[in-house]
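Work through the exercises below with the structure open beside you. Try each task before reading its solution.

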Amino acid sequence: MFDLECENIIKRFGAFTAVDGVSLEIPSGSFFSILGPSGCGKTTLMRMIAGFETPNRGDIRLKGKSVVNTPPNKRNVKMVFQHLALFPMMNVGENIAYGLRCRGENKTEITAKVAAMLDRISMPGVQEKQISQLSGGQKQRIAIARCMVLNPDVLLLDEPLGALDLKLREHMKIELKQLQGRFDTTFLYITHDQSEALVMSDNVAVMNAGRFEQIGAPETLYHAPKTAFVAGFVGDSNRWNGIAMMADGDHARVVVADGLEMVVPIGGARPEVGGQVEVFVRPEAMQILAQDADISTAGMNTIEGTVDSLLFNGAASRVLVRTATGLLIEIVHRMDAGQVRVKPGDAVKVGWTHGAGLCFGEGG
Amino acid sequence: MNVAAPQSAFLRTVYVLYVVCFFAYLAAPLFAAGMFAFNDSTIPSLPWRGFTLGWFFGDTDPVIGMFHDRRLMRGLTNSLYIGVIVSLLSVATGTCNAFLFERRQFPFKNALYIMMIIPLVIPGVILGISILVFASMVANSADRAFGQNLSALRPGTLLVVVGQFSFLTTITSLVIQARLKKFDISLEEAALNLGASRLKVLATVTMPYLSPAMFSAFVVAFLVSFENFNTTLMLVGSDAPLTITMYDRMVKVGSTPVLNAVSFFLMVGSGLLALLSVVVQRDRPSD
Amino acid sequence: MLRSDTGKLSLILLMTPFLLWIVLLILLPQLGITFVSLREKIGPRQYEFGFGNYIAFIQEPIYWNTLLRTAWMSILVTVMSLFVGFPIAFYIAKIAKRRSRVGLFLLCLIPLWVSDLVRAFGWIVLLRETGLISGALQYVGLINGPVEMLYNDVTVVIGLVYTVVLFMIVPLVSTLDGMDNAMLEAGYNLGGNRLTVFRRIIVPYAMPGIVSGCIIVFMLTAGSYLTPILLGGKNSMWFTEMIYDQFITRYNWEAGAAFGVLLLGFTSLVIWLGLKLTGQNLASTVARD
């Protein structure tokens with residue numbers, strides 16, 4: 001049973017196609033994210049699901065029933081807006097009660113439901129507070145509670161963390177995930193921030209230029225991207241353009257722009273020999289090899305260069321290495337004990353196994 | 001340090017003195033008009049003959065206070081009555097115009113928007129005579145064609161209302177539109193999303209948001225209507241509003257302290273109303 | 001998101017009051033006076049079309065002299081209001097402390113809410129022969145007999161500036177209020193002196209406010225009636241007075257309408273010129289707040 005299905009949705013604004021043949025199915029009770037750069041059509045897609053836009057073609061089904069012709073105020077999808085859209089002219093209690101009042105439920109029941117909802121989001125007794133008295137995180141929770149009190153089939157969240165500062169955003173990611181588990185409701189979350197999508201979701205759809213590039217679990221997207229766009233958009237990568245010299249089985253031998261040669265696994269379709277390819281290598285897949293130590297480099301790609309700068313960031317610290325031809329390579333490198341110590345100006349050798357990295361042919 | 005202010009102490013003093021003089025200039029005629037309302041004398045000039053409230057409440061000749069002056073009181077009632085009707089009408093139309101220009105797309109929108117502003121730059125006298133002429137033309141044609149005597153289109157209360165409405169609507173439209181422009185449309189979508197009908201959204205979200213602006217538009221329209229002279233002068237019939245009655249008195253009888261009393265009353269009244277509108281504007285929740 | 005026919009219906013509903021207002025109360029009446037102004041009376045209830053009313057205007061020097069005088073005085077009043085009002089607006093917007101700012105602004109507005117009539121009446125009480133100022137001057141012994149300070153051009157200008165200066169200050173304050181002080185700091189920091197900062201930064205920034213203030217002030221002055229008549233007396237020679245005279249006293253609507261069209265044409269021309277010269281438009285200036 002799917003809570004939400006979209007089938008081949010197309011939405012055009014004049015000559016511009018914002019959403020171009022998108023299909024998705026979201027199983028009950030899961031956390032689903034749509035991840036894409038701004039302008040990729042994800043907000044339009046969400047607005048169609050909420051009913052604020054009508055698709056030119058395609059069908060949207062909630063719990064199996066088509067809602068394309070249902071007006072927005074009759075659909076049982078609720079939405080948390082980008083800037084939350086809490087009603088400033090009402091207090092917290094009235095905000096949460098708003099949807100219940102619209103349904104015409106009786107007063108005592110509404111009061112009880114509001115109180116119970118505030119308990120569930122661990123903010124009991126704030127009914128009388130004004131919206132302006134709440135902190136950013138509290139507003140977030142009230143915006144979710146205002147929707148959840150209506151038991152929606154699906155809860156849509158439109159980049160609700162965008163306006164928060166970094167610390168609070170990190171905290172809210174975890175809290176949102178927990179809230180979703182507690183309510184056991186399907187969440188459809190829209191974001192351009194890959195870490196939000198990866199951390200919270202059961203499944204993520206990566207969207208680009210009106211189309212889904214790939215749908216999958218976060219690990220799958222990270223480790224086995226199907227397209228160059230996904231490989232580049234999800235997670236950090238060193239990214240080079242090159243030419244495929246040879247392709248056999250699932251590996252290709254590639255010469256990148258400045259003459260370096262490497263062996264990388266093929267993602268997507270096998271590239272033509274002599275054709276353009278893009279190579280992606282994750283910084284954490286690379287390591288700085290000790291110059292003097294006698295380590296076998298068989299089965300490894302290696303590059304020589306000099307350390308350009310050290311980017312300290314605790315466990316996520318990195319080293320920038322510049323090759324003789326001016327290529328900059330980013331490598332995850334713990335600067336504390338146990339690893340090769342480097343300083344800017346040092347000559348180093350960088351290596352990674354033939355199994356790491358991916359290359360995609362043109363249009364792959 | 002405030003970079004905008006003059007840096008030398010001397011210039012700063014001169015500047016402040018100028019500002020003080022300016023406010024004295026602003027206050028002087030109002031003060032003069034108000035003070036003789038309380039002078040116990042039959043002419044509004046020095047010397048000061050002692051304090052009296054007779055020009056407000058007196059009921060024996062020669063000191064007939066404004067509240068016992070039948071014609072002034074009738075003028076006041078007319079002004080109130082006209083003011084309320086005109087303000088209600090122009091706030092209603094102004095609200096429609098605000099929604100029209102803020103929310104809708106239609107052909108010639110920019111040209112029509114200019115049309116909406118234009119009444120503000122037409123001199124009031126011209127608005128007055130043009131409406132007078134047009135109304136008479138309509139009335140005359142109706143008279144000739146159907147033998148109907150449309151006396152409502154002759155100078156009188158209806159024409160005064162129409163004339164004031166013609167330019168007050170621009171003011172109310174601009175005031176309400178300015179507020180609507182700041183409205184976050186996602187609030188309406190959120191309400192819709194939570195299951196409210198369009199009418200309910202309007203009643204529970206949009207209108208409560210607009211209401212302070214509508215109220216202050218009402219106050220502004222009322223005050224401007226109350227004090228309007230130029231347009232009204234051309235359109236007035238037998239039921240003259242207060243400003244016209246006062247002017248008549250001034251020209252025919254000359255200035256008497258009862259006019260000072262009316263002036264004082266008007267100043268206090270409109271001051272309080274203006275203050276009220278400011279307070280309402282400021283009290284609006286989180287902005 | 002709106003179903004298209006309900007959308008169209010509500011558009012029509014919203015459009016109706018607007019169109020009724022503009023067409024019935026603004027457009028048609030203006031066409032009406034233009035029409036009447038082109039009508040010559042050749043006998044009782046007999047008219048023919050022609051420019052007779054306009055020709056009469058040109059042939060009678062007192063008419064066009066009055067219009068020229070009104071125009072010239074209005075421009076003078078507009079310029080004076082700008083010079084008097086700008087420092088005040090600047091003080092309120094940029095120099096006064098946050099708290100007193102609102103108070104000063106409200107003080108500026110209070111006379112705005114008091115009728116023209118009351119204001120003119122106040123000036124009469126102050127300035128006439130038996131008025132406060134004359135009395136005060138006699139009391140301190142500066143003059144021997146009462147002095148009449150009404151019924152001259154200086155008084156009319158002072159009274160007119162008084163009536164309209166607020167309409168200059170309000171748009172100026174709201175424009176200057178939006179100006180970041182950092183802009184002035186940057187101006188000085190980059191080597192500007194007071195004059196260049198004023199000329200290159202403050203004035204251009206305040207331009208929309210200046211233009212909108214000038215338009216409103218000019219229009220109000222040229223169309224004013226009470227102040228010139230009450231303070232200027234019989235020889236005030238104000239154009240609106242002539243319109244009133246033709247319409248109400250002489251019941252010569254044709255001539256009155258022609259005068260009306262001339263006044264409207266004249267004010268529109270000046271406003272249009274002002275907008276063109278400063279590169280502004282009506283919506284960006286007058287309708288800003």
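**Exercise 1: Contacts along chain B**

In chain B, 74% of the contacts with a separation of 6 or more join residues 24 or more positions apart. Keep in mind that this is a predicted model.

Task: State how many helices and strands chain B has, and give their order along the sequence.

Solution. 
- Step 1. Count the elements: chain B has 11 helices and 2 strands.
- Step 2. Read along the sequence. The pattern is α-α-β-β-α-α-α-α-α-α-α-α-α.

**Exercise 2: Dimensions of chain B**

Solution. 
- Step 1. Take the value for the model.
- Step 2. Look at the spans. Along its principal axes, the C-alpha trace of chain B covers about 75 × 70 × 35 Å.
- Step 3. Of the 287 residues in chain B, 45% are buried.

**Exercise 3: One residue in chain C**

Task: Decide whether C:V165 is buried or exposed, and say why.

Solution. 
- Step 1. Locate the residue. C:V165 sits in helix α7 of chain C, which runs over residues 153–177.
- Step 2. Count its neighbours. There are 27 other C-beta atoms within 10 Å of C:V165.
- Step 3. Apply the cut-off. A residue is buried if 20 or more other C-beta atoms lie within 10 Å of its own. C:V165 is therefore buried.
- Step 4. List its contacts. Leaving aside residues up to four places away in sequence, C:V165 touches C:S81, C:V84 and C:G85.
- Step 5. Check one further pair. C:V165 and C:L112 are 53 residues apart in sequence, and their C-alpha atoms are 9.5 Å apart in space.

**Exercise 4: Two interfaces of chain B**

Task: Describe the side of chain A and the side of chain C that touch chain B.

Solution. 
- Step 1. Start with chain A. Here 21 residues of chain A contact 18 residues of chain B.
- Step 2. Find the elements. In chain A, β6 (77–80) and α2 (92–103) each supply at least two residues of this side. The most come from α2(A), with 4 residues.
- Step 3. Sort by class. This side of chain A has 13 nonpolar, 5 polar and 3 charged residues.
- Step 4. Turn to chain C. Here 69 residues of chain C contact 71 residues of chain B.
- Step 5. Find the main contributor. Helix α1 of chain C (residues 4–37) gives the largest share of the chain C side, 15 residues.
- Step 6. Sort again. The chain C side has 51 nonpolar, 13 polar and 5 charged residues.

Methods: Residues numbered from 1 in each chain as written. Chains lettered and ligands numbered in written order. Predicted model: local features only at pLDDT ≥ 70, side-chain atom pairs only at ≥ 80, totals over all residues. Buried ≥ 20, exposed ≤ 12 C-beta atoms within 10 Å, placed from the backbone. Contact = placed C-beta atoms within 7 Å. Nonpolar A, V, L, I, M, F, W, Y, C, P; charged D, E, K, R; others polar.
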